[in-house]
Amino acid sequence: MTWTPDSWQTKPVVQQPTYPDRAALDAAVGTLKGLPPLVTSWEVNRLKSEFAAASRGERFVLQGGDCAESFADCRSDLITNRLKVLLQMSLVLTHGLKKRVTRVGRFAGQYAKPRSTDTETKNGVTLPSYRGDLVNAPEFTAEARIPDPQRLLEAHSRSAMTINFVRGLIDGGFADLHHPEYWDLDWVQHAPLAAQYQATVDAIGDSLRFMETLAGQSLADLQRVDFYTSHEALLLWAEQAQTRQVPRQPGWFNLSTHFPWIGLRTAALDGAHVEYCRGIANPVGVKVGPTMGADWVLALCEAINPQREEGKMVLIHRMGVGKIAAHLPAVIEAVNKSGHPVLWLADPMHGNTQTAGNGLKTRAFDDVAGELQQSFRIHRECGSRLGGVHLELTGEDVTECTGGARKLTETDLERAYKSSVDPRLNYEQALELALKIVDSAAH
Ligand code: PEP
Ligand code: CO
């Protein structure tokens, strides 16, 4: 039962690459262990207390970003646009829900992906599957697909560049509520919902000025918003190497991210991922799918949060619009009965993936919005509370999900389909979803 950062190695492990050169892996893990961390323990603890507040209904969590980051996408324009859309959405949410919003990016480390098979075969050639830029490269060549431990170090550098840029923008005033015009995207004027968004911006500006007139000073606390980072804790060599003890704080912290989560494919109770995550002080998320019974979910709560600490355990349900009504209530009722404090987030993306007629992976906006609407209703009916959402989105003008105010069709998908993994909401669809969230929370 003793836990150490590497005790996961004694458990059954899935979704890990086979590194051909063990000495090179050990060397990379050793180097990574000595590099400066990406986040600090006090930021991790602050996020945990914000999660506790969200579970009590005092805050709302907006977690979002790419399905997978790639090394090539570590660019200032893409990072800025992603921040812009998250800031715009959180403005709509703060205004509509009358709550402060905690922003968590799926970024600065979201470089590893689970795969349904270990290998991929094309024209009679079988190669290892692409597992994300943290592991290998996507091109279908033997060379590209060899798992390369140097990528652990490259991913750490790119994550550090990303988080450094985000921190710099925030400190420089980019996220200042007095200047929402900083967040405008080039194509916003033509968006179907531009007028509705502008009305929210104006209303917030008016209330800010009103409060500042009353207070006789500027509301410094409101000028600042923070961003936290998150990624799927999938490649355990990388997580282990960044797990540290810090002075004057008990426990071990994963300092590669504020908020690691366990994916659906790695949530086995006796598996390596649960073993690793049970020992860290960070808040931990677990994806909950339609095939996970209440007993499994309760056992995960008990394993990861035996002390029943508030803000520690985050259950992210991703059922699918057609399944949520049948599967979620029993899980919520069991958690309620056990008294485990959990933060519930809804991921309306991963249960709603389909293949379009032209072979592209897509998601329909109405399915995504529909699962969210049902999530709010089911939590209300079960006497619990939906504390936030978990989304795949981008600030780019892509066409990967169908529907939304611009009514994208399957044929439209070909115009700007960029994702190499899951389809993301584009900027307009993301903003529209923020408006729908406000609506679903109220009804
Ligand atoms: C993901 O979040 O990108 C993902 C793979 O989700 P899940 O584990 O819920 O399928
Ligand atoms: Co995904």
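The donor residues of the cobalt ion (ligand 2) follow the spacing C-x282-H-x41-E-x29-D in sequence. In this predicted model, the ion is coordinated by C67 (SG), H350 (NE2), E392 (OE) and D422 (OD), at 2.1 to 2.3 Å. Donors are N, O and S atoms within 2.8 Å of the metal (3.2 Å for Na, K and Ca), and water is not among the atoms, so sites may look incomplete. E392 belongs to strand β14 (residues 386-392), whereas D422 sits in the loop between β14 and α13 (427-442), so the pair ties together parts that are 30 residues apart in sequence. Helices (H or I, at least four residues) and strands (E, at least two) are DSSP runs, numbered from the N terminus. Both E392 and D422 are buried (under 20% relative accessible area, 1.4 Å probe, protein chains only).

Attention now turns to ligand 1. The residues around ligand 1, with a heavy atom within 4 Å of it, include C67, H350 and E392, together with R106, K113 and W261. A polar side-chain atom of R106 is 2.9 Å from an oxygen atom of ligand 1; for H350 the corresponding distance is 3.0 Å, and for an N or O atom in the side chain of E392 it is 3.1 Å. Taken alone, ligand 1 exposes 300 Å², of which the protein buries 97% (Shrake-Rupley method, 1.4 Å probe).

Residues are numbered from 1 along each chain as its sequence is written, and chains are lettered from A and ligands numbered from 1 in the order in which they are written. Local features need pLDDT of at least 70 and side-chain atom pairs count only at pLDDT 80 or more, while totals for chains, interfaces and linings use all residues; side-chain values use heavy atoms, leaving out hydrogens and water.

How values were computed: Polar contact = N/O pair within 3.5 Å; in protein donor to acceptor, adjacent residues only side chain to side chain. Buried < 20%, exposed > 50% of the residue type's maximum accessible area, 1.4 Å probe, protein only.
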